[in-house]
Amino acid sequence: MENMLDNYAAVVGDEVIGHLKQLAEPLKGMKIIHVNSTKEGGGVAEILNRIVPLKRDLGIDASWEVVTGNSQFYQCTKKMHNSLQGNRDDISEALLRNFEETGKNNYEELRDKLDDADVVFIHDPQPATLLSFSSGRKGKWLWRCHIDVSRPYRPVWKYLRKYVEEYDASIWSLSTFTQPMPHPLYLIPPSIDPLSEKNIDLPGEEVEAVMAKYGIDRSMPVITQISRFDRFKDPVGVIKTYRHIRKSIPVQLILAGGGATDDPEGAEVLKEVKDFAGDDPDIHILELPPDAHREINALQRGSDIIIQKSLKEGFGLTVTEGLWKGKPVVAGNTGGIKLQVIDHYNGFLVNTSEGAALRTRYLLKHRHILEDMGSKARQFVLENFLITRHLREYLTLVVALLHGSDERIELELPGQ
Amino acid sequence: MSEEFKLRDCALITISTGEQAQNLRELRDRLLVTHNGSIYYHFWGVMLRHTYIDPEYQNDFAVWASRALHDHVIAERLSLIDPNVYPSIDDLRRELVEIIEQHLYDREHVPWARTGEQFQFTRSQIVVFDTNQRVGMPEDFAQMIQRMSLGSIFYHFIDSRRRTDESLNDFSIWLSGFGDDYIPLINTLNSIDPYFTTLTNLRDEISGAFITFTGGA
């Protein structure tokens with residue numbers, strides 16, 4: 001059977017995989033369960049789809065379970081998600097009782113597996129109550145928070161906190177996303193999967209075919225922003241940037257994002273963007289289906305520079321996706337972007353449309369710097385933001401957690 | 001004759017201490033009480049966590065002073081602190097506090113960071129594991145160093161300073177068991193500055209020292 005680790009070794013090198021194997025040695029045979037609320041769709045499922053098989057390849061008895069519920073349960077967790085990110089979205093008592101009831105039912109369903117596990121990773125709020133029902137648990141339980149809870153709507157956070165603080169530890173993507181807890185707050189930034197459709201290397205012909213499909217003129221430079229049509233992503237500001245650049249250098253702009261049909265605000269923003277773009281033939285506004293990963297990959301690879309002019313951003317992993325394609329990224333100086341773009345090294349951090357235009361013009365004019373930043377960009381992601389680093393940190397965390405809170409944990413080989 | 005050298009490797013996981021500073025005075029206050037591991041991490045841990053090193057400022061305090069406080073005077077002063085020269089973390093802590101207090105005394109205003117740009121105190125846990133590789137003679141190292149992981153370099157060359165009585169790198173301590181012939185190599189290794197560099201460059205320097213000494217054996 002094909003070993004997934006070998007596929008990753010081809011990208012990240014044998015040294016990295018060897019490191020993972022050694023780190024996983026003391027965890028061999030251990031039962032580690034991840035629980036979230038969906039097997040498909042969304043970043044968490046995407047990561048677990050790879051992390052769980054990789055752990056199994058390393059000899060860990062890893063598995064993945066999902067909690068399920070009725071429509072009220074999802075209505076409640078959607079509100080919870082919005083509230084944790086700062087929106088005032090009150091949740092009725094009835095919805096909260098249903099949330100707790102659903103947690104209890106799911107716990108009963110999974111009781112044997114969960115109680116018997118050595119380590120349980122609970123992802124996000126949906127399954128957060130499970131721990132409260134487990135009186136006979138054997139292992140350590142961790143709450144993995146994938147969202148920015150730095151400024152939550154307090155009543156909802158207050159409700160959820162009482163469940164979360166019972167965990168042995170929690171894991172956050174950035175220190176600025178955390179909330180005080182009576183247990184250790186581990187920090188593990190997200191990552192991208194270099195073998196996914198969104199990020200895998202593509203043949204040059206495929207890239208050209210996609211660029212041709214969307215009518216991109218290959219004789220002119222291309223700058224691209226990939227993101228939802230959302231005001232915080234500032235698509236209108238990106239068009240302003242393009243217009244500043246056009247005063248001195250011919251350039252095309254691609255604004256590509258998911259379809260806005262199910263998001264009333266998205267449709268409104270898309271209309272604004274189209275109106276603002278007017279009939280300029282060099283602005284390409286592309287509404288792509290949610291599964292157009294390979295096309296997005298090709299558009300990024302076919303571009304000269306990636307823009308991510310967000311005004312507010314959680315982590316903003318599209319930046320890392322752009323860097324991985326060997327492109328410098330000109331991005332808003334906000335949120336998790338600051339961890340990914342090192343100013344003047346693999347791209348530029350900007351605060352205005354004018355700033356973005358200045359940096360983009362500079363790169364288009366100094367091609368050798370653009371190329372140099374692009375190669376640094378890819379290397380930076382290779383060393384810091386691939387799924388193998390994410391897995392290494394999960395393994396390190398589990399080893400650390402099982403050995404107490406010492407700063408240095410020395411593992412000996414068996415029999416020594 | 002020394003025992004075989006046990007080659008180890010390490011991996012690091014970071015933990016938020018929950019402390020943060022919005023301005024330089026708060027940074028000073030937190031520095032007075034924060035976990036030793038946090039000060040260590042903000043000087044050394046970043047080397048293992050990120051392979052990119054800011055060309056201007058080597059430690060996290062200086063980077064924050066520059067990027068968030070926009071106070072380049074204190075950023076430059078903090079960045080010149082070489083953690084190597086302080087015998088303990090508490091000595092290093094005292095130096096940091098001294099430099100910041102002097103700056104606060106000299107300035108009329110306390111520099112502030114915008115909301116969202118607070119300094120976030122972080123510490124780490126290091127998991128050290130045995131690679132099962134053993135080295136019998138110093139000459140065997142010459143070809144081996146380049147194949148060592150950056151985690152091994154960190155553990156044997158940097159982390160060693162915290163856990164050995166001599167505050168030296170593990171290679172030098174091990175080599176001292178082979179007699180006076182190896183003193184020049186030990187001196188070369190001890191003269192390598194592990195700060196103001198990256199682990200990759202450090203590996204090159206250590207490897208170069210062994211290769212030069214052994215004549216490329």
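Domain bounds here come from an automatic or database domain assignment. The model is predicted.

**Stop 1: the two domains of chain B**

Select residues 11-123 of chain B, which form domain 1, and then residues 132-214, which form domain 2. Their centres, taken over C-alpha atoms, are separated by 29 Å. Where the two domains touch, domain 1 of chain B contributes 10 residues and domain 2 of chain B contributes nine residues. To see the domain 1 side, select helix α2 of chain B (residues 36-49): the largest share of that side, three residues, comes from this helix. By type, the residues on the domain 1 side divide into six nonpolar, three polar and one charged.

**Stop 2: helix α3 of chain A**

Move to chain A and select residues 43-57, helix α3. This helix of 15 residues reaches 22 Å from its first C-alpha to its last, close to the 21 Å expected at 1.5 Å a residue. Show side chains for A:Ile47, A:Leu48, A:Ile51, A:Leu54, A:Lys55 and A:Asp57, which are buried. An α-helix has 3.6 residues a turn, so residues three or four places apart point the same way. In α3(A), look at A:Ile47, A:Ile51 and A:Leu54 among the buried residues with that spacing in mind.

Past the end of the helix, select A:Gly59, which follows α3(A) and has a positive phi, near 95 degrees.

**Stop 3: strand β7 of chain A**

Select residues 222-226 of chain A, strand β7. Five of its five residues are buried, so the strand is largely enclosed by the rest of the structure. In a regular strand the side chains alternate between the two faces of the sheet. On one side of β7(A) are A:Val222, A:Thr224 and A:Ile226, on the other A:Ile223 and A:Gln225, and both faces are covered.

Which strands lie beside β7(A) as pairing partners? One of them is β8 (residues 252-258) of chain A, paired in the parallel sense over five bridges. Select A:Ile223 and its bridge partner in β8(A), A:Leu253. Another is β10 (residues 305-308) of chain A, also parallel to β7(A), over two bridges. Here A:Thr224 stands opposite A:Ile306.

Note on methods. Residues numbered from 1 in each chain as written. Chains lettered and ligands numbered in written order. Predicted model: local features only at pLDDT ≥ 70, side-chain atom pairs only at ≥ 80, totals over all residues. Helix = DSSP H or I, 4+ residues; strand = E, 2+ residues; numbered from the N terminus. Expected span 1.5 Å × (residues − 1). Buried ≥ 20, exposed ≤ 12 C-beta atoms within 10 Å, placed from the backbone. Pairing = 2+ DSSP bridges. Contact = placed C-beta atoms within 7 Å. Nonpolar A, V, L, I, M, F, W, Y, C, P; charged D, E, K, R; others polar.
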